[in-house]
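Hi,

Here is the structure I promised to send over. Have a look at it first, and then read my notes below.

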Amino acid sequence: MVCRLYAQHEITGILTDANNKEALIGATVIIKGSTNGVTTGLDGSFRLDYQGSFPVTLLCTYIGYQNRELVLNNNEPVSLQLLPSTASLSEVTVTSRRRKEIVQDVPIPITVLGAPQIENSVSFNVNRVKDLIPSVQLYSSNPRNTTLNIRGLGSTFGLTNDGIDPGVGFYVDGVYFSRPAATAIDFIDVEQIEVLRGPQGTLFGKNTTAGAFNVTTRKPDFSSAGTFELSYGNLGFVQAKGAITGPLIKDKLALRISFNGTHRDGTIYNSRTEKYTNTMNNIGVRGQLLYKLSEHSDIILAADHTRQRPDGYAQVYAGVAPTKRADYRQFDAIIKDLNYIIPNKDPFKRIIDHDTPWKSGQDMGGISINANFKLGAGTLTSTTAWRYWNWDPSNDRDFTGLEGLRLSQAPSRHDQVSQEVRYAAVFSPKLSGVFGVFTFAQKLRADGAHTEEAGKDQWRFSQSSTSPLWETPGLLEGYGIRSYPNLDAWSVAVFSQVDWSITKRLSLLPGLRFNFDKKTVDYRRETYGGLQTTDPQLLAIKNSVYSNQAFKASTDDNNFSGQLSLAYKVTSSIKTFATYSRSYKPVGLNLGGLPSAQGQPLLELVRINPESVNHFEVGFKSRPIEAMILNVTVYNTEISDYQTLVQAADLSVNRGYLANAEKVRVSGVEVDAACSIGKYLSLNGALSYTEGKYVSFTNAPPPLEETGGPTFKDVSGGQLPGLSKWASSYGFEATTQGEFLGNKGNFFIAADGYYRSSFSSNPSPSKYLVVEGYNLINGRIGFRSIERVSVFLWCRNMLDKNYFEQLLPGAGNAGLYAGVLGDQRTFGITLRARL
């Protein structure tokens with residue numbers, strides 16, 4: 001037995017910009033091949049404790065700069081200078097595999113967005129960040145009804161049913177956010193976003209069949225500092241962001257408090273209220289306490305709260321599709337009989353006359369404890385969290401000024417508790433890995449009741465015969481349903497992944513996961529209001545519109561999943577990989593009511609089968625020349641029992657219901673590139689080609705134009721919703737050194753663009769619900785200082801392109817369809833200061 005004793009060394013140094021000699025704040029310095037690393041302070045300095053022998057290799061990274069490696073033969077202080085380089089944007093340090101490593105070395109398709117790229121492009125939420133990553137899709141008709149997908153997969157398209165899990169994991173500082181509404185909140189003090197594509201169940205606590213957003217916020221610092229940012233723009237846009245940090249107890253306890261607030265006037269004019277709707281009114285705060293146990297062990301207590309009170313999200317009239325119903329049941333005939341005229345049939349005039357207020361109030365927040373302990377060759381991490389989401393909406397789901405649906409609102413309270421324990425270690429120069437256990441529980445309840453209520457005009461929309469009884473005064477006015485959905489879910493998982501370097505060039509990365517999920521639903525809805533009568537014919541009419549329904553169900557499921565990857569280093573600048581993944585999305589339960597047949601609910605639709613995913617991908621990451629990177633990935637994903645949400649003609653399930661498509665396939669190619677031309681010009685681009693279709697979906701509901709025909713349709717071979725065949729992002733930035741108001745820094749001019757081709761906007765392909773392709777150009781110009789004051793002008797959608805983000809049918813499928821509009825041209829100025 002050989003016992004080796006290593007001395008404790010302190011490695012110190014400073015990092016600066018090679019051009020203007022300014023300190024680089026927040027750069028990462030790690031000992032290559034280990035989990036040991038630190039970030040630089042306000043003066044660019046760092047201190048790193050190292051227990052081992054020399055020589056040792058330091059790896060220094062900073063967003064927007066070329067990486068630098070330095071071999072140290074002793075612990076003498078070092079001074080390092082980094083050269084600017086846009087190509088290094090894709091070579092920043094990431095932690096998605098639970099250790100610090102360079103993204104170009106990770107055999108996973110991954111896009112990294114650092115704080116400068118996010119902030120300088122005025123991308124303060126996921127909906128804006130998606131324009132920087134062509135493989136990501138986000139659709140939102142309100143925060144609850146938000147779809148976050150990667151490569152067209154992840155969540156149901158259109159409306160949201162709380163009874164299934166998202167397929168794209170959304171994490172903030174290791175805490176899983178279960179509700180898709182989390183993607184609607186403004187970022188608070190974000191340092192970096194890592195977007196992983198493809199199944200990631202062997203790396204993250206919650207199973208993710210399509211990918212993951214891994215968001216990292218800035219941490220408390222033992223050096224006192226502060227930042228403040230203020231933006232003004234057209235449409236009354238005002239945004240303030242700030243953070244302060246510093247020690248409470250020297251080298252032991254540090255605090256960081258961050259906040260943001262956003263206001264913007266409305267973008268759509270409501271002629272009924274004579275006010276603009278679709279405003280922004282957001283505020284958020286986050287506090288963190290860092291307790292340093294030792295150089296490599298710490299505990300962070302974090303709490304956050306976000307409050308949003310927009311007047312929105314209103315949708316505009318987009319068109320009318322003729323259906324297969326009788327002529328008197330066509331939308332144009334209905335509104336003619338009611339003497340109603342659409343205020344403006346050009347959706348891009350942005351005029352509505354809705355009579356029901358649009359409201360999307362939400363409160364989201366929670367508390368978490370992250371504890372990291374140095375243990376042997378690695379780090380043991382415990383993440384404990386409780387989160388809540390309160391949802392208070394109001395919608396005009398008939399999309400008109402008529403009193404069709406007088407109320408459509410689903411106030412809810414969601415609570416979740418999660419616990420993850422994992423151990424990540426580098427056991428030897430050839431072997432490293434991560435092992436973890438994850439438990440998760442959530443409870444969803446109606447906050448009072450979910451309400452759908454008909455107004456005085458609803459009889460004409462619901463009229464299904466020529467009987468004069470439909471015109472009975474007050475028959476349906478005030479008639480509605482109150483629903484009480486209750487869901488309890490619990491899951492536990494054990495996961496692991498190792499990285500075995502078989503040779504210096506070849507690595508094998510197997511991963512395994514066991515998952516158990518249990519869900520229980522208790523659903524009840526009750527009718528109320530309308531004309532009180534005992535006439536059986538009138539009661540039959542009322543029951544054909546709304547009816548009582550109740551069901552209970554409990555289900556559980558367990559499965560094994562995993563992956564196997566091979567990574568081969570062809571040369572130091574070309575790295576290849578190949579991966580096979582087998583993954584699952586948990587079993588689901590319908591939580592929004594069920595469609596009926598012959599007056600009875602289709603109880604066989606209560607339980608939704610789990611998805612079974614088979615995924616292959618191959619790719620390479622390369623540096624063709626020193627100042628350029630080029631990465632390519634080719635993939636194929638097949639899903640059995642694909643979980644989809646479909647819109648029904650049944651008014652009582654106007655939020656849609658869940659169903660399984662027998663099989664879908666998504667395949668494509670992704671290209672990412674960036675390069676620097678000299679010191680002052682950088683270019684970047686990403687291209688995604690994707691084919692997504694239903695291989696088999698024989699029992700799908702008909703599209704909008706076939707309402708009134710057969711109840712179900714075979715849409716096998718049809719296009720998956722929300723997925724463009726072509727999508728790309730591209731941009732440039734030109735800089736030059738200079739001085740502004742006594743501050744040294746860089747003057748810059750930059751632009752970025754986002755293009756996507758047309759896509760289906762309905763689960764069952766419809767020729768009417770197709771969103772045309774569009775191209776958006778954003779630009780900015782200004783001065784950027786590393787340490788003090790930055791100021792720049794910005795413009796989004798510079799060409800003022802009119803486009804839809806989504807099209808969706810009106811409740812009851814009468815033929816009307818509405819559109820979610822993309823923002824028109826916006827512009828403003830941002831001032832950022834470091835204190």
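One definition before the sheet: two strands count as paired if DSSP finds at least two bridges between them. Keep in mind, too, that this is a predicted model.

With that in hand, there is an open sheet of five strands, running in the order β10-β15-β16-β13-β14 with mixed pairing. The edges are β10 (110–114) and β14 (175–176); each has a single partner strand, so one side of each has no neighbour in the sheet. Inside that order, β15 (residues 190–197) and β16 (residues 211–217) pair in the antiparallel sense, over seven bridges.

Now the chain as a whole. Its secondary structure comes to five helices and 52 strands. The radius of gyration is 28 Å, close to the 28 Å that the globule rule gives for 835 residues, so the chain is as compact as a globular protein of that length. The C-alpha atoms fill a box of roughly 95 × 65 × 50 Å along the principal axes. Of the 835 residues, 59% count as buried. Among contacts with a separation of 6 or more, 69% come from residues 24 or more positions apart.

One nonpolar patch covers about 740 Å², with Y232, V238, I677 and F732 among the residues that make it. V238 sits in strand β18 (residues 237–249) and is partly exposed, with a relative accessible area of 33%.

Cheers

Conventions:
Residues numbered from 1 in each chain as written. Predicted model: local features only at pLDDT ≥ 70, side-chain atom pairs only at ≥ 80, totals over all residues. Heavy atoms only, no water. Patch = residues over 30% accessible without salt bridge, like charges linked within 9 Å, V, L, I, M, F, W, Y side chains within 5 Å. Areas by Shrake-Rupley, 256 points an atom, 1.4 Å probe, with all protein chains shown as cover. Salt bridge = Lys/Arg side-chain N within 4 Å of Asp/Glu carboxyl O. Helix = DSSP H or I, 4+ residues; strand = E, 2+ residues; numbered from the N terminus. Buried < 20%, exposed > 50% of the residue type's maximum accessible area, 1.4 Å probe, protein only. Rg over C-alpha atoms; globule rule 2.2 N^0.38 Å. Contact = heavy atoms within 4.5 Å.
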